[in-house]
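Take a look at the structure below. We will go through it step by step, from whole chains down to single residues.

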Amino acid sequence: MLSKRIISCLDVRDGNLAKSVKFVDTKDIGDPVSTAAKYYENGIDELVLYDITASSDNRNIMLDVVNKVASRIFIPFSVGGGLRTVQDCTNVLLAGAEKVNVNTAAVANPNLISDTAKVFGAQAVVLSMDVLEVEISQKIPSGYEVVTHGGRIHTGIDALWWAKKGQELGAGELVINSIDADGTKEGYEIRLTRKIADSVSIPVIASGGGGKPSHLHDVLTEGGADAALIASILHYNEYTIKEIKDYLSSRGIKVRKT
Amino acid sequence: MIAIIDYDAGNLTSVKRALDYLGIQSRITPDPDEIMTSERIIFPGVGHAASAMNTIIKRGLDQALKESYTKGTPILGICLGTQIILSHSMEGNTDCLGLIKGDCPEFKPENPRLKIPHMGWNQIRKLSDHPILDNVDPGDEFYFVHSFYPQPHNPSSILAVCEYEIEFPSVIGCNNLVATQFHPEKSGPAGLRILSNFSSWDGTIC
């Protein structure tokens with residue numbers, strides 16, 4: 001039986017580690033390479049490096065970070081943020097990542113998913129979507145809308161439709177990031193995660209709102225998620241990976257031992 | 001020196017990086033002569049069986065592998081490499097190298113909630129005390145990403161199994177050849193132990 005995965009997300013800006021709260025007021029809190037290595041040694045199952053660098057001039061700094069991380073950790077990791085073309089995806093995969101995380105650019109150009117999957121396989125393409133709860137309408141029947149630019153831009157796309165479309169285009173996994181829950185540490189968006197997990201056959205990774213181990217338990221059971229992303233609770237040493245996994249294990253969830 | 005066979009099958013560098021980290025010398029190479037003269041061979045891979053076989057034959061790597069196997073060079077197959085050492089794969093319905101007699105069927109789970117590919121961390125159960133599995137403990141988990149699985153004809157070639165609705169072979173081997181369906185280079189400390197075991201294995205089974 002597969003274990004549920006605990007994945008940590010490291011936001012990287014200009015080569016430094018950052019954690020956003022509701023995607024504004026980011027502050028740098030450390031070095032991504034040594035943090036990645038520390039989490040690896042402490043038993044994280046997978047990592048995401050998310051490039052939130054504003055200027056495209058600094059993209060090469062990110063490739064350097066990817067390369068260094070790949071030489072220090074021996075678990076799968078993906079890279080996202082600012083990947084607009086198949087060439088951008090190729091660059092990070094050649095730098096040592098297993099998977100790419102596409103988000104905004106895939107909304108504008110869905111072929112980015114299929115074109116990348118054709119070259120590297122579906123397992124290499126993760127579709128990440130930022131989702132905001134909105135009023136149910138004809139256009140957004142699920143009541144969840146895909147947004148971009150940290151929630152500032154509404155796309156008019158229904159999140160449930162987009163999740164299914166992403167799978168059809170060849171994404172191998174989905175990250176469902178709730179903008180409402182992100183940074184709140186009050187728990188994942190269970191209802192949203194469940195809706196999507198019930199509608200697709202690829203793994204679903206819940207993101208946004210993880211503040212304590214019971215939140216992970218809830219989204220991995222009630223929410224139907226295959227994996228949960230955590231960030232600030234690790235970055236600020238509120239819980240260790242072992243504490244989280246021991247808790248989940250004690251509540252009957254199969255996780256990889258640390 | 002370990003030769004890592006380059007047949008354009010994605011992510012060769014991750015195996016190399018893991019060996020570098022362990023201080024084990026290796027070189028990524030598409031050259032049949034270099035492969036045949038190396039001490040050990042790793043046959044990695046991510047990709048599609050039929051298209052991989054095309055490249056392998058075009059580069060003369062099939063002969064290099066067969067000759068190296070015959071003369072006793074320790075060989076480690078990983079993921080797609082594990083599937084291709086069998087006689088046949090259902091992925092693209094293609095004939096493969098046939099170093100171990102067997103086939104490679106596709107997962108067809110009865111439970112609709114079981115996702116394919118089988119992707120993530122899963123435990124293996126040892127059926128053999130093969131040197132490659134030294135210090136691999138019962139609770140150890142490994143990272144898998146695959147939709148097809150190796151099925152040798154001879155049950156004695158199955159060294160470990162893994163459960164995903166069915167029990168399927170996760171480590172297979174015969175003589176100086178051993179192969180894992182999971183990715184040891186992506187399986188944390190337990191995976192690194194397997195690479196380390198391979199680097200000191202002389203190709204014989206005690």
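**Chain A in outline**

Among contacts in chain A between residues at least 6 apart in sequence, 63% join residues at least 24 apart. Keep in mind that this model is predicted.

What is chain A built from? It has ten helices and twelve strands. Along the principal axes, its C-alpha atoms fill a box of roughly 45 × 45 × 40 Å. Buried residues account for 51% of the 258 residues of chain A.

Now pick out one residue, D158(A). It lies in strand β9 of chain A, which covers residues 153-158. Is D158(A) buried or exposed? A residue counts as buried if 20 or more other C-beta atoms lie within 10 Å of its own. D158(A) has 23 other C-beta atoms within 10 Å, so it is buried. Which residues does D158(A) touch, leaving aside its neighbours within four places in sequence? They are I140(A), P141(A), S142(A) and E145(A). S78(A) is 80 residues from D158(A) along the chain. The C-alpha atoms of these two residues are separated by 25 Å.

**Chain B in outline**

Turn to chain B. It has six helices and 13 strands. Its radius of gyration is 15 Å, close to the 17 Å from the globule rule for 206 residues. Chain B is therefore as compact as a globular protein of that length. The box filled by its C-alpha atoms is roughly 45 × 35 × 30 Å, taken along the principal axes. Of the 206 residues in chain B, 52% are buried. Take the contacts in chain B with a separation of 6 or more: 70% of them are between residues 24 or more positions apart.

**The sheet of chain B**

In what order do the nine strands of the open sheet in chain B stand? The order is β2-β1-β3-β4-β13-β12-β11-β8-β9, and the pairing is mixed. β2 (26-29) and β9 (141-146) of chain B stand at the edges. Each has a single partner strand, so one side of each is left without a neighbour in the sheet. From one strand to the next, the twist averages 30°.

Strand β11 of chain B (residues 158-164) runs antiparallel to β12(B), and six bridges join the two. One bridge pairs E163(B) with E167(B) in β12(B). The hairpin of β11(B) and β12(B) has one residue between the strands. There, E165(B) takes a positive phi near 70°.

The next pair is β12(B), residues 166-174, and β13(B), residues 177-180. They also pair in the antiparallel sense, over four bridges. V171(B) stands opposite T180(B) in β13(B). G173(B) has V178(B) in β13(B) as its bridge partner. This hairpin of β12(B) and β13(B) has two residues between the strands, and N175(B) takes a positive phi near 50°.

**Helices of chain B**

Which strands does helix α6 of chain B touch as it packs on the sheet? Helix α6(B), residues 188-200, touches β1 (2-5), β4 (75-78), β9 and β13 of chain B. Its direction makes about 90° with that of β9(B).

Helix α6(B) also meets another helix. Two packed helices are described by the angle between their axes and the distance between the axes. The axes of α1(B), residues 12-22, and α6(B) come within 10 Å and cross at roughly 80°. Angles of 65 to 115 degrees count as roughly perpendicular. The two helices α1(B) and α6(B) are therefore roughly perpendicular to each other. In this contact, A18(B), L19(B) and L22(B) of α1(B) meet L192(B), L195(B) and S196(B) of α6(B). By class, the contact has five nonpolar, one polar and no charged residues.

**Where the chains meet**

Finally, look at the two chains together. How many residues of chain B are in contact with chain A? There are 26, and they contact 20 residues of chain A. On the side of chain B that touches chain A, α1, β8 (118-126), β9 and α6 of chain B each supply at least two residues. The largest share, six residues, comes from α1(B). By class, this side of chain B divides into nine nonpolar, ten polar and seven charged residues.

Technical notes
Residues are numbered from 1 along each chain as its sequence is written. Chains are lettered from A and ligands numbered from 1 in the order in which they are written. This is a predicted model: local features need pLDDT of at least 70, side-chain atom pairs count only at pLDDT 80 or more; totals for chains, interfaces and linings use all residues. Two strands pair if DSSP finds at least two bridges between them. Axes are lines fitted to C-alpha atoms, for helices over the stretch in contact, and angles run from 0 to 180 degrees between N-to-C directions. Two residues are in contact if their C-beta atoms, placed from the backbone, lie within 7 Å. Angles under 35 degrees count as roughly parallel, over 145 as roughly antiparallel, 65 to 115 as roughly perpendicular and the rest as oblique. Ala, Val, Leu, Ile, Met, Phe, Trp, Tyr, Cys and Pro count as nonpolar, Asp, Glu, Lys and Arg as charged, and the others, Gly among them, as polar. The radius of gyration is taken over C-alpha atoms; the globule rule is 2.2 Å times the number of residues to the power 0.38. A residue is buried if 20 or more other C-beta atoms lie within 10 Å of its own, exposed if 12 or fewer, and partly exposed in between; C-beta atoms are placed from the backbone.
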